[in-house]
Amino acid sequence: MTPPNPAASKRARLRSLARVAERVEHEFKDLDILDRALTHASAGNMGKANYERLEFLGDAFLGFAVADQLYRKEPEIAEGELTEARAALVSRQPLARIAKNLGLSTALETGRGMDIAALESPRIQADLVEAVLAAIYLDGGVRSARKFVRKFVMPALADYQDSRARRDSQSRL
């Protein structure tokens, strides 16, 4: 059995991170922050920092950015509808779809014991979107993070509006 080559592993990791950076359309000044955003807590036994703190920050920024976009885009919508739309956009399923579309889990570093089913769970997929958003925010600032939200999160608004229109028309019947 050939011993692991740390230099080759590092190069492979950097290539993987560069592909993710390209897909999320952000040129990272510091790839280490993206590396952290794509490191699961199970990698802690390898001494690596994980995405949990970034996920916390990304969740907060995502809620704000989506609320701001909805407020500006839909000036006549009542507060309750804005709240419902925001909740629909930042919920687990739409975020998991974004993660899958961007292939975020292909670059996820994990420790031993993580199985494919767990990695593909909507919860982990949604966590990755929030962590990557926080990495973009910390690396590139508010404008870069807002750009990510506009490009990848806000398009789900049309799906939400379509499903709401179908529900409303069924209710009227």
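Rings of Phe, Tyr and Trp (its six-membered ring) pair if their centres lie within 6.5 Å; planes under 30 degrees apart count as stacked, over 60 as edge-to-face and the rest as tilted. Under that rule, ring pairs link Phe 61, Phe 64 and Tyr 137 into a cluster. This is a predicted model, in which local features need pLDDT of at least 70, side-chain atom pairs count only at pLDDT 80 or more, and totals for chains, interfaces and linings use all residues. Residues are numbered from 1 along each chain as its sequence is written, and side-chain values use heavy atoms, with hydrogens and water left out.

**Confidence**

- The protein averages a pLDDT (the predictor's confidence in each residue, from 0 to 100) of 88, and 89% of the residues score at least 70.
- Helices here are DSSP runs (H or I, at least four residues), numbered from the N terminus.
- Confidence is highest in α8, at a mean of 98, and lowest in α9, at 62.

**Nonpolar core**

- A nonpolar core is a set of buried Ala, Val, Leu, Ile, Met, Phe, Trp, Tyr and Cys residues joined through side-chain atoms within 4.5 Å.
- Buried means under 20% relative accessible area, exposed over 50%, and partly exposed in between (1.4 Å probe, protein chains only).
- The largest such core has 46 residues, of which Val 24, Leu 38, Leu 104 and Val 149 touch the most other members.
- Helices that each supply at least two residues of this core include α1 (6–23), α3 (52–73), α7 (122–140) and α8 (142–153).
- α7 gives the most, with 10 residues.
- Leu 104 is in contact (heavy atoms within 4.5 Å) with Val 20, Val 24, Leu 38, Ala 99, Leu 128, Val 129 and Val 132, leaving aside residues up to four places away in sequence.
- In soluble globular proteins, nonpolar side chains tend to be buried together.

**Aromatic pairs**

- The count comes to 3 aromatic pairs.
- Phe 61 and Phe 64 are edge-to-face, because their ring centres are 6.4 Å apart and their planes stand at 65°.
- Both residues lie in helix α3, 3 residues apart, about one turn of the helix.
- Phe 61 is buried at 10% relative accessibility, whereas Phe 64 is partly exposed at 44%.
- Phe 148 and Phe 152 form a tilted pair, 5.0 Å centre to centre with 45° between the planes.
- Helix α8 holds both Phe 148 and Phe 152, 4 residues apart, and both are buried.

**Salt bridges**

- The structure holds 9 salt bridges (a side-chain nitrogen of Lys or Arg within 4 Å of a carboxyl oxygen of Asp or Glu).
- Arg 13 and Glu 109 meet at 3.3 Å, N to O.
- Arg 13 is in helix α1 and Glu 109 in the loop between α5 and α6 (116–119), so this bridge ties together parts 96 residues apart in sequence.
- Arg 13 counts as buried, at 14% relative accessibility.
- Asp 35 and Lys 48 meet at 3.0 Å, N to O.
- That pair links distant parts of the chain, with Asp 35 in helix α2 and Lys 48 in the loop between α2 and α3, 13 residues apart.
- Asp 35 is buried at 12% relative accessibility, while Lys 48 is partly exposed at 25%.
- Arg 123 bridges to Asp 127, with the closest N and O atoms 3.5 Å apart.
- Helix α7 holds both Arg 123 and Asp 127, 4 residues apart.
- Arg 123 is partly exposed, at 41% relative accessible area, and Asp 127 is buried, at 9%.
- Salt bridges that share partners join Arg 13, Asp 35, Lys 48 and Glu 109 into one network.
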